[in-house]
Amino acid sequence: MQDPSPGESSLLKLLSSLRTSMHPDIFVFLTYPNKLPLPDALGVEMYFQEREEYTIIATLDSAKNCNLDYVFPCRKITCEVHSSLEAVGFMAAMSKKLTERGIGANPVSGYYHDHLFVPVDRADEAVQALEELAKDARTSRE
């Protein structure tokens, strides 16, 4: 039998201990043919093989240097809490808070952390919203 995934699964604990960090680079989304090797100079943050092509999140500078078309210049906000891959509601709570502010987000769950890719011009506001969410969760715990 497989062990449950490590990390925190309590929604209240996840939200009340939520701290964020924003990566200094600007990232973009792009697609690339599945059958071609990725350019060595492409600063890949993540790629996902879809039926049509790879979806790639890469640094803006590297996409430009490789002359690749891209969309959605964004910043990466990392949630500095080790969340379980089986945690229920963590991404939904963050998405709801950002939705209330009209901020779109593209979430990615890693083994240790969750990440949100948000529009460059709304990144600081997104961090503020997430800080409010954590503060509200801490208040409700008391």
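A: What follows describes that core, then its setting in the chain. The model is predicted. The largest nonpolar core has 22 residues. Those that touch the most other members are Leu18, Ile77, Phe90, Met94, Leu98, Leu116 and Val118. Five elements are to be named here as giving two or more residues each: helix H1 (11–16), strand E4 (71–79), helix H3 (90–100), strand E6 (114–119) and helix H4 (123–141). Of these, H4 gives the most, with 8 residues.

Val118 can be followed through its contacts. Leaving aside residues up to four places away in sequence, Val118 touches Phe72, Pro73, Cys74, Arg75 and Ile77, as well as Leu98, Ile103, Gly104, Ala105, Ala123 and Ala126. Two of these partners, Ile77 and Leu98, are also on the list of residues that touch the most other core members.

A separate core of 11 residues lies apart from this one, and its members include Val28, Leu42, Leu60 and Cys66. In soluble globular proteins, nonpolar side chains tend to be buried together.

As for the setting, the protein chain contains 4 helices and 6 strands, in the order α-β-β-β-α-β-α-β-β-α along the sequence. Of its 142 residues, 37% count as buried. Where contacts join residues at least 6 apart in sequence, 70% of them link residues at least 24 apart. The C-alpha atoms fill a box of roughly 55 × 45 × 20 Å along the principal axes. The chain exposes about 8,500 Å², and carbon and sulfur atoms supply 50% of that area.

Notes. Residues numbered from 1 in each chain as written. Predicted model: local features only at pLDDT ≥ 70, side-chain atom pairs only at ≥ 80, totals over all residues. Heavy atoms only, no water. Core = buried A, V, L, I, M, F, W, Y, C linked by side-chain atoms within 4.5 Å. Buried < 20%, exposed > 50% of the residue type's maximum accessible area, 1.4 Å probe, protein only. Contact = heavy atoms within 4.5 Å. Areas by Shrake-Rupley, 256 points an atom, 1.4 Å probe, with all protein chains shown as cover.
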